[in-house]
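Hi everyone, thanks for making time for this. I'd like to walk you through one structure, so please have a look at the screen before I start.

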Amino acid sequence: MTSNDKSIILGAVAEIDLKGEQTPLLLMFDSNNKIFLVIGSHRFEFSELPKGFKASYKNVNGTAFNISEVLSELIPSLADELPRDIPVKLEQVLIAYQKHDSSDASTKPTSNKLEPPKDKSNLIFSTRLGFDINLRELPLLGDKIPQEIDFKLKSFQILYASQDIDQKSIEPFAEDIKINLDRSSADDEVILPSGLNLFAELQIGKDSEFLFLPLSRPKKKTTSQSPQELSEKEKIPTPPSPKTTAKKSTSLSTNFDSEQIELWLELNKVLGPISFQKIGIQYRPKESELWFFLNASLSIGGLTFACNNLGVGSSLSEFKPKFRLDGIAIHYRGSDAVQIGGAFLRKVRPQLDDKGQQKTDNQGNPLFYEEYSGAAIIGTKIKDKKITLTAIGSYTEIDGQASLFIFALLDYPLGGPPAFFVTGLAAGFGYNRSLKVPEKVEDVANFPLVRLAMGEPPPKSGEKGGEIDLLSVMNDLGPYIPPARDEMFFAVGVKFTSFKIVDAFVLLIVKLGKKLEIHILGLATLTAPPAISDDIEPVAEARLALKAVFIPDDGILKIEAVLTEGSYIFSKKCYLSGGFAFYTWFSGEHEGDFVLSLGGYHPEFKIPDHYPRVPRVQLSWQLNDYLSIKGSTYFALTPSALMVGGELEASYRKDNVQACFKIEANFLVAWQPFFYMADISVEIRASAEINLLLTKTTISVNVGASLSIWGPPFAGRAEFKIAGISVSIAFGDGNAPRPKCLDWNEFQKSVLPAKSEVCSISISDGLINKIKQEEKETWIVNAKELVLVAQSAIPSSGVEIADIQENFISDISHRNTEIGIRPMGVRAKEFKATFKITIIRDKKPVNQDFKYQAIYKNVPAAVWKPNNGSISYLPPGQDEEKLVKKALSGFEIRPEKSVEPSKSQEIEVEKLLSEKSFPGSDYNWSSTLISQAENGAKNNSANEMICENTIAKLTEALNNKANHQRRQNLLNSLGFQGQKPETSISESFAEDLFDNPILVSRI
């Protein structure tokens, strides 16, 4: 009680249960029958609710109200979830509490167990920001909005709920929480998620869009579930808007480590000359600032002005708006003959490591970098042919080093044969940059470089196609080309047509850095027949995306293709889809394996984890309201089997009549031992509802037939079904097939290469030249770098090298001993194939002068897996092992001792300048032709003339017939017979002899 206040104040402490914590509350009573809730230095006027209470706070002094501080006082555990500081200047704050009544809860049986009721006691904290933002104040665009149209952000509110609030639970607080919630939602549907959230209303004319941004940090959960499963469950629902019926595309980022939270909402609205693409809302906890961004464009005549991240922001503690612009673009099209455009973009991006995680400094602060991007487009006409040149690039610095990227595209018919008529070229280069190629072939069409080359920009203003949005291309491309030290890439592309039927673009990318990677991305559209007139539609159109990758270090080649949306045949209602893949492994864990698939695999095939998943080649055709046709097909080839099959189904529905026809076939062929199996089935179903004696009766007929065959020997079973009656007929040997074992001659002819090719020897390093004389080939090698490779098409169980013990052969102990011959029924203990090596010099074995290292390969299990003396076929997928791994297939052979290079004898310079002869010396100089030069030294001009004559005479002497033959004989003796090398010597060689220093005595 103060001197000016005559009221009596009493205090009491109460406890409430919030999120499992007992939270003390200080209540104060005065003589005016008012109750106050005191939290820190703030006093809330208290009023009672059914099963709870609510308290309001009026900001009389106009000071900033710290939301984080008040909530942390109530629930200390929220300190880790809330931003560190949210000081907001508010007019009024509401706190409401509703206690959960256990008598209202009912246990619900779940999986035969009673589920205990969840604690639904809830604390709600609501604040309204006392300002609106008139977006007419935005520079560049605001004054171009028609005056009669409202365009502003209003009804800002920050809300906290300790529990998710559904439609039923929100009713007691509906009048106090002034947000537009969907009252038509189901009672148990969450319309206000738990945590701290920001709401705002965007008014555009008579329409409103409601923005929602979560401000709480995500809760850390300890669970064995995968991150993907958690991310699916932790998605925060966005409250629905009753005034918005169309689905909006939103993008939400809640990365507290980067100290910003943002949400983007697609608008695609047009107000007068302005087109609005999307709007974003961002909160920066570190600065306690709230920002709103707008991506829009202004069109006046042929001039289009676009902005990226045109924003207005303010501190929450005091409304002082400030503006920001990240990028601008200008595009002018005066006519079809003139097109000029340019763009500039500045982006602040997070630094990411190789795993895509945010990098931090030594203090744990997230690291960012500024990237500056630019683009230009110029178009005109040359001889009635349109030419367009587009270039984009970006620059930044990372770890003190420059990082840049450039990509240029020329769109102009350059010409060529009809089968390959070039209509454009592209080239790109990145230094200290990494290029992230799409992982899935389905994403090739959306890859920014491919999309730019094909002239398919993202839709604007709800329309498909349109002018290329350079800002959008640069913004989308940024995450694909992050800075990366010591990495670079090159890209070359060509756009072409083939007989005007195929329109395609292929981009070759070579990445250099930690390892070499070669990628090919392509997009092609096949139209048959080509466009003749607007009245005639093509019979077929196929849109194909292609992706190929070759990584030598990983030992893999991948080629994938898929039909994209819009492919059809016969009619645009006859949709086509499907994919193709070819993978081969030439080193590593799966060395020797391969797979080729068009449309997938046999239904019983168990797909190995490293095989691609290929979608079925499918056709779906709704001919009219009553008749539909659909079908699918596949083909696959693996080291163990070949498989092919498909199905076709036609359905008819009209009134009370239904009919269906279906045919299906699956074929499977195994390699040696040869085996095949096939299943073919046909089914016809029909039904009709008729009135029989004033009673509706359904008459149905089902007819089916199936045929299964296998062999050898040929056998099978046929089955017929009519109206529930089935008849089965078996023919041939009905037992499980036991193919006959091959003998050696049959196995050799059908599986092994020719005898001369079973064993091979090659040189992998140190080769200088190959000389062929008749049918004999001679190798000239560098003994220091010599590496020979000896291999066999038959895996080896042992090795025999004279004078070399097996334990002295590198890596020989790792060979697989479980090898047999499956087509012959040879067991592992019966299999014996010895690899023998003999190296002879001067008719004597010199194996000990070399060292040997074993070479291993993975070989097909269908050929080299032991069969315990019998052959039984296992369908693909039931036999887990497709390859026999670590089979000894050869050796690398190197000299045991490396050849030491010889050293030249040192020569004293004075000895080279002397005319005297030294007994026993290797250097005796004569003065042939040099005297003429000495005599001409008296006169410089005369000396020059004599020198020229001397060079000419020396050249003539070197090229005379006798010397020419001597050089030819020398080359022949070195093994160059038949090569006919050019041995004539030009004057330049003779001139070099007279260049400084000249090895003669001093003049």
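Let me begin with a question: leaving aside its neighbours within four places in sequence, which residues is L786 in contact with? Contact here means heavy atoms within 4.5 Å. The partners of L786 are I763, D765, G766, V781, I893, R894 and P895.

Before I go on, a word on what you are looking at. This is a predicted model, in which local features need pLDDT of at least 70 and side-chain atom pairs count only at pLDDT 80 or more, while totals for chains, interfaces and linings use all residues. Residues are numbered from 1 along each chain as its sequence is written, and side-chain values use heavy atoms, with hydrogens and water left out.

Back to L786, then. You'll find L786 in the loop between β48 (776-781) and β49 (787-796). Helices (H or I, at least four residues) and strands (E, at least two) are DSSP runs, numbered from the N terminus. L786 counts as buried because its relative accessibility is 14%; the cut-offs are under 20% relative accessible area for buried, over 50% for exposed, and partly exposed in between, with a 1.4 Å probe and protein chains only. L786 and S764 are 22 residues apart along the chain, and their C-alpha atoms are separated by 7.9 Å.

Now the whole chain. It has 12 helices and 55 strands, and of its 1003 residues, 38% are buried. If we take contacts between residues at least 6 apart in sequence, 55% of them join residues at least 24 apart. The accessible surface comes to about 57,600 Å², and carbon and sulfur atoms account for 53% of that. Those areas come from the Shrake-Rupley method with a 1.4 Å probe, and for residues, only the protein chains shown count as cover.

Let's go inside. In soluble globular proteins, nonpolar side chains tend to be buried together. The largest one has 51 residues, and the members that touch the most others are L153, F276 and F292. Apart from it lies another core of 36 residues, which includes A343, I377, V437 and L470.

L470 also brings us to helix α4 (residues 470-477), which is mostly covered, with 7 of its 8 residues buried. Those are L470, L471, S472, V473, M474, N475 and L477.

V437 turns up again among the residues touched by K547, together with E439, E560 and others, not counting residues up to four places away in sequence. K547 sits in strand β33 (residues 540-551).

D326 is buried at 4% relative accessibility, and R346 is partly exposed at 25%.

E683 and R685 form another salt bridge, at 3.3 Å from N to O. Elsewhere, salt bridges with shared partners join R324, D326, R346 and E370 into one network. A further pair is R543 with E541, where the closest N and O atoms are 3.0 Å apart. E541 is buried at 13%, whereas R543 is partly exposed at 29%.

Last stop, the surface. L648, F661, I663, I684, V701, V703 and I722 make a nonpolar patch of about 550 Å². Patches are made of residues with over 30% relative accessible area and no salt bridge; like charges are joined within 9 Å, and nonpolar side chains (Val, Leu, Ile, Met, Phe, Trp, Tyr) within 5 Å. Strands β41 (657-670) and β43 (695-711) are the elements giving two or more residues to it. V703 lies in β43 and counts as partly exposed at 35% relative accessibility.

Key:
A nonpolar core is a set of buried Ala, Val, Leu, Ile, Met, Phe, Trp, Tyr and Cys residues joined through side-chain atoms within 4.5 Å. A salt bridge is a side-chain nitrogen of Lys or Arg within 4 Å of a carboxyl oxygen of Asp or Glu.
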